[in-house]
Structure formats: structure tokens, C-alpha cells
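Subject: Structure handover and findings

Dear colleague,

Here is the structure you were expecting. My notes on it follow below.

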Amino acid sequence: MRSIWNGSISFGLVSIPVKLMNATESHAISFRQIHLEDGGRIRYRKVCELDEEEVPASETVKAYEDADGTVIPVTDEDLASLPLPTARTIEIEGFVPSSAIDPLQLDSAYYLSANGVPAAKPYALLREALRRSGKVAVAKFALRGRERLGMLRVVDDVIAMHGLLWPDEIRAPEGVAPDSGVKVRNAELDLADALMNTLGDADLDTLHDDYREAVEELVTAKAAGEPVGEGEAEEPEGKVLDLMAALESSVRAAQESHGEDGGHGDEVADVHPIKTGRSGGAKKTGTATKRAAAKSEAPKKATAKKPAAKTAAKDTAKKPAAKTTSAKKGTEQKPATKKTARRPRKRTSA
């Protein structure tokens, strides 16, 4: 990596020579402006508005415009003469927990490298002190003509520095929040929680810039003289009127994209009872409630089956009798007549 600044870290009376290097790089595709008719390059020139002549960089200087329109030239020599203790020093002001730094303040990121062999030991000392304390260092440094605020923290075995915006550079979010009268129901929060659980953790390493890849493919196709097809633009969705329906649809879509079955799992069980609750049914939710209901219904079903079994047995016993009576009514009546005739004979003999 190429260093963009050389200086030292001031850690009390300890001075650590370091080099400053950019920790990030931009992969954005840069375009130039051309004349469409002939492909000529469009350039911007610095022209004096008084004599309308182009001015070289050597004749241009900075200037401050006062409120009344007065222009006050400020040269690089003027700025260099200012007493700036952090001109070549990253001066540590103190240490705070990382949670004390508002992410809104985070700006550019840099790596700090030990500059030379003598700097290795104090560099490692500061690094291990930061690691063991679990805190970050707040420092001031000067870069590109202005004093800045920075945060030092440990990344792997390297001290990284994040440029911070000054607190007065953070705008208050006045008038940004929605109307305070908006209320969110517990059922909506339950669905939002289910959606968050279904989406799971975000793997930042798998995310990439789809738009940049599409632009690269477009440029490659045009350079090769290939026809460029128009992509299918997604139809804009209408205004969401039913928040619950939108949340439920989002949960189902997330489950399908993650290969989950919409009819299994405790998270799904927490979602489906909410739908029935809207139509006026029971609002009990959860797998435990369903199991309790199943247990309470089990004895009733078992009791109801016993009479049915007895009835079936009686019907089975009656069936053979029903088959014989239809064809042999006369045969069955004869034994009955003989029985009534035998009883008087016995009484007479007595």
C-alpha cells in the first residue's frame, strides 16, 4: 500500500512514527463526458470571469468570500504558518467505549503502519493496550489542510483509524421522524419479528454490487458491437394499504427463498394463528397452545369411539338373523307353535 501521510502517534510521552494508508478503495465505474456527434472529449477549463482567459494552476490560489462579497486571498504559505500542533501528529485525547461513538460520525478509514524498526515495539504496545481494554482511542490529526477528529481501534494485528465528523457537523433529525401519533400493534410486531428471524443474519461477504456488474456487461457488449437488449423493468408496486397482509406475504416469500416449508416450525406456528385472529376466531398462538388443545380433545374422541364399537357389534349380531327371516318366515313360526302345545300337556299330567 502507498502511504498518503507520514507522522507519529502521540501516546502521552510515547511517540510512535507511523505511515497512513487508505483502508478502502472505490470500485465505482468512472465515466467521461464526450461530444456525441464526433466523440470528442469534453474538458473543463479554469477561466477567469473578468478577462475570460484560461488561468493555469500556478496562478490560482484559495480565497475566502466574506458575507458582503469581499474576497480575501489565502495562500498555502498563510495556512502553513498557522500554529497547528497536529500537523504531523495524531494526538490521542483519551479513550472511550466503542459504543460511545455515533456511527453517523464515521468518515474515511485508514490503516496505520509502524514506520521503521524502532516504532515496532511502541506500536505493538498501543495495539495490545487497546485490545485488552476493549476501548477505542479518540485523537486529533491534520490532513489535507484541516484538523480532523479520529478514532483508533484494532483490526486483526493492525491499528486502524477512522476519520470522524465533528459533533457540530451532525445535523439534528428535526422533522424527519413520522407523526408521533402512529401506533404499532403487537400483532404487527410479532410478524415483523418472524420476518427478521426468517431472513436471518446478513453475510456481508456474499453481497456485491449488481448494478456495477450490469454496467460492466453493458460496456463489454457495446465494445464488442453486440446488440444491447433492454432489461425487463420491474413494475412498480402499488401503495401498501394492509400492513398485516404485506408482512404475512413477506414472511412467506422469505421462507420460500430460504427453502423453508410454510407448514412446519415454531416460527410459522406463531404466524398462522394471527390470521385467524383477524376473522374473529380464537387468538391463542404458539405451539404449546396447540398441543394443549390436542390433549383436551383426545379423551373426548376416545370416549366417543366406545359406543360406536358396541353398536357395530350389535349390528353384526343382528345381520345373520335378518338374512334368514326374509325367506323362511313360515319355518320359524312352526317351532313356536309346538312349544305352546307342549306346556298344557305337562300341566295335565301333573
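I begin with the aromatic rings. The count comes to 1 aromatic pair, where rings of Phe, Tyr and Trp (its six-membered ring) pair if their centres lie within 6.5 Å, and planes under 30 degrees apart count as stacked, over 60 as edge-to-face and the rest as tilted. The pair is F11 with F95, edge-to-face, at 6.1 Å centre to centre and 75° between the planes. It links distant parts of the chain, with F11 in strand β1 (residues 5-11) and F95 in strand β5 (residues 89-97), 84 residues apart. Helices (H or I, at least four residues) and strands (E, at least two) are DSSP runs, numbered from the N terminus. F11 is partly exposed at a relative accessible area of 24%, and F95 is partly exposed at 35%. Buried means under 20% relative accessible area, exposed over 50%, and partly exposed in between (1.4 Å probe, protein chains only).

Some notes on provenance. This is a predicted model, in which local features need pLDDT of at least 70 and side-chain atom pairs count only at pLDDT 80 or more, while totals for chains, interfaces and linings use all residues. Residues are numbered from 1 along each chain as its sequence is written, and side-chain values use heavy atoms, with hydrogens and water left out.

Overall figures

The protein has 8 helices and 9 strands. Of its 350 residues, 17% count as buried. The accessible surface comes to about 27,700 Å², and 54% of that belongs to carbon and sulfur atoms; accessible areas come from the Shrake-Rupley method with a 1.4 Å probe, and for residues only the protein chains shown count as cover. Among contacts in the protein with a separation of 6 or more, 58% are between residues 24 or more positions apart, a contact being heavy atoms within 4.5 Å.

Salt bridges

Side chains of opposite charge can pair when their charged atoms come close. A search of the whole structure finds 8 salt bridges, each defined as a side-chain nitrogen of Lys or Arg within 4 Å of a carboxyl oxygen of Asp or Glu. Three of them are described here:

- R131 and E128 meet at 3.3 Å, N to O. They are 3 residues apart in helix α2 (residues 120-133), so about one helical turn separates them. R131 is partly exposed at 39% relative accessible area, and E128 is partly exposed at 35%.
- E169 and R146 form a salt bridge in which the closest N and O atoms are 3.5 Å apart. This pair links distant parts of the chain: E169 is in the loop between β9 (158-164) and α3, and R146 is in strand β8 (residues 146-155), 23 residues apart. Both count as partly exposed, E169 at 34% and R146 at 36%.
- E216 and R212 meet at 3.1 Å, N to O. Both lie in helix α4 (residues 210-223), 4 residues apart, about one turn of the helix. E216 is partly exposed at 35%, and R212 is partly exposed at 21%.

There is also a network of salt bridges linking R127, E128, R131 and D157.

E188

Is E188 buried or exposed? It is buried, with a relative accessible area of 10%. E188 lies in helix α3 (residues 186-199). A polar atom of the E188 side chain is 3.1 Å from the backbone nitrogen of R185. A polar contact is a pair of N or O atoms within 3.5 Å; within protein, one must be able to donate a hydrogen and the other to accept it, and residues adjacent in sequence count only if both atoms are side-chain atoms. Neighbours within four places in sequence aside, E188 is in contact with K183, L243, M244 and L247.

The loop between β2 and β3

I29 lies in the loop between β2 (14-22) and β3 (62-65), and is partly exposed at 32% relative accessible area. Together with F31 and V219, I29 makes a nonpolar surface patch of about 290 Å². Patches are made of residues with over 30% relative accessible area and no salt bridge, with like charges joined within 9 Å and nonpolar side chains (Val, Leu, Ile, Met, Phe, Trp, Tyr) within 5 Å.

V47 is also found in the loop between β2 and β3. V47 counts as partly exposed at 48%, and touches E52, E53 and E54, not counting residues up to four places away in sequence.

Regards
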